[in-house]
Amino acid sequence: MWIAVAVYVAFAAPDQWLIPDVAPATIASRLIIAALALFSFEILRMANAKTVWLDLTCASALVVGYIGWLCPAIGTKDATAMSYYMVFGAIFMMGANLFFSFPFRLSVVTSGIVLCAFFISIFRFFPSNQAYQIAFGMFYVSCFIFTSFVNWRLNVERRKVMLNAAEARYRHWEAAERGKELLELSHTDYLTGIDNRRALDRRLDECWNAWKNERRDFCVILLDVDFFKRFNDRYGHQEGDRCLTVIANTLRTLVEQSNGVIGRYGGEEFIVVMPFESPEIAMNLAERIRKKIEHLAIGHEERPDDTSVVTVSVGIAFTREQSGEKVERIVREADLALYNAKANGRNCIRAFDPLLPRPDDNAGKLVPLLAAAIDRNLVSLVYQPIFDVVNGKARAVEALMRLRLPDGTAVSPKVFIPVAERTGAILELGRWAIKTACRDILMTDRMATVSVNVSPVQLRSPGFAASVGDILKECGISGSRLALEVTEGLDLDIQAEVLKCIADLRTIGVEMWLDDFGSGFAGLSWLRAIEFHTVKVDRTFLHDCSNQRGLTMLQDMVSLIRNRGNTILVEGVETAAQMSLLKDLRIDRVQGFHLGMPVSAELLSAA
Ligand code: C2E
Ligand code: MG
Ligand code: MG
């Protein structure tokens, strides 16, 4: 519009040259029309008027502009100049049909009015001869037809372009919608409808970045359905799927209340990622989940332990300074915690602790081996003597389990005991160890007392105390000759059933010893909760005595245990110097390679 108006006003100059007598009137008319046209156009534009109104304004400005100039111009005395000048009326038609992008009908009407105004002027008002009327009339008509035709073509093209663009937009929208659907599908677990691993991995990345950049802590909870393969084998895959769906729904309700997200991470494994406020809050949620799933009471008769409903084991890891450079690290830590939960008898919760044992590569091979180890004669016991410091006499022996592979290779207890605990094989192996130690040592009177290591899994398994009682009765020996060594675990391990089992064992006279005291974080809790007969100080404290700091530590520890009234036993004596130090510290009992290696029962008698 602005360009058109500028051109229109610029034609004031030819007005002045060609028709100077009426120029003041035509120029005034040009200026007034130009001002009015721009004014109305800008008002509409500011009011955000629809295009149709802007088009109408431009079209009206064209018509008014032409007629507003023509009327004063044809009154000129210079008819010859004006007759030539009339040709410029065609420009208004071109403007309507070609310059503005009017809809076809509007441009035809506009240029049609210009055409009519021209004919009226030359037939009625402007003195002209017939030749002029025919030539200029034909020119105007051809111009009208030609520009209208071009306008029609342009409009058809524009329409096509518009339709194509609309279609492209629609396609784009359709693709985006389908993409959204696909994305949702690709992030959803097909069975349970909760997020799948891919979605959770993304969420984990987000949390990890938020932690790295803004120190927003989060925690990862991994849950595994206990003995799920056996569940599937017994009840079929359909029931297995149903079980997973019920568990997923239960988890979703609990986790969403805590602002977390839940996903299925693998076959029977679920993962929760949530903001971390304190270990207590995370442990609480995990415990609520564990209990809720147990209370669902989904029958599972095929479990090898004493539970008959579906339960979950839970591992938790939190962000901490050592969380490393990759988010995988925290998932791995939660996995290790889960592994430890399973090793501790399942249906329990473990938080990641850097000191906890890690799954060994051999574990896979060991599982079937341990299940058949007793029948195949692959396990045996060796005995290490324990001496009284005062009189130097051997008063007891500790039974230590040994496993060799069918090819004769020995496997360290540090490797196979955690696997046996995880698979539950420790229950049978542990009973076998107590029975064998009683037979080898006590029934043959090789030594007054034998101590056997037991793991918390055994103490938690119902009927353990009774089974020890049965063995004692069967062998015809007094309970006071048997000692059971238990290694301090996490605070969480001191559960009601463990305390009950230990109380029952004490009732039948069995001594309880606390092994490896000081090697974990919870030794003092164990000392407070349970009355131990003997406390075995972890050998690292003795080995650290070469420096003053270590020596003071051992002294402090000894006085702590002495004040509580427990018998003190220091293990790991490897040198004569260590032995004389322990004498100075008035330790009650000692054990170590310097005093006696672990040997078979037969060699023990010979020694
Ligand atoms: P533990 O109960 O603390 O057993 C003592 C470990 O220290 C034994 O290792 C023994 O061979 C070793 N040892 C003894 N004297 C010395 C010494 O002077 N220096 C050093 N460096 N080491 C010494 P072993 O037999 O490899 O057993 C490792 C752990 O495996 C045991 O630690 C115990 O926790 C577990 N374990 C062994 N047998 C059994 C079992 O029958 N049942 C259970 N649940 N755990 C067992
Ligand atoms: Mg021991
Ligand atoms: Mg020990």
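Q: How are the donor residues of the magnesium ion (ligand 2) spaced in sequence?
A: The spacing reads E-x54-N-x31-E-x29-D, where donors are N, O and S atoms within 2.8 Å of the metal (3.2 Å for Na, K and Ca); water is not among the atoms, so sites may look incomplete. This is a predicted model: local features need pLDDT of at least 70, side-chain atom pairs count only at pLDDT 80 or more, and totals for chains, interfaces and linings use all residues. Residues are numbered from 1 along each chain as written, chains are lettered from A and ligands numbered from 1 in the order written, and side-chain values use heavy atoms, without hydrogens and water.

Q: Which atoms are the protein donors, and how far are they from the ion?
A: Glu 398 (OE), Asn 453 (OD1), Glu 485 (OE) and Asp 515 (OD), at 2.0 to 2.3 Å.

Q: And which residue coordinates both magnesium ions, ligand 2 and ligand 3?
A: Asp 515 does, and the two ions are 3.9 Å apart.

Q: Is Asp 515 buried or exposed?
A: Buried, at 4% relative accessibility, while Asn 453 is partly exposed at 29%. Buried means under 20% relative accessible area, exposed over 50%, partly exposed in between (1.4 Å probe, protein chains only).

Q: Switching to ligand 1: what does its nitrogen meet at Glu 574?
A: A polar side-chain atom of Glu 574, 2.5 Å away. Gln 384 also has a side-chain N or O atom 2.9 Å from a nitrogen of ligand 1, and a polar side-chain atom of Asp 516 is 3.0 Å from one of the ligand's oxygens.

Methods. A polar contact is a pair of N or O atoms within 3.5 Å; within protein, one must be able to donate a hydrogen and the other to accept it, and residues adjacent in sequence count only if both atoms are side-chain atoms.
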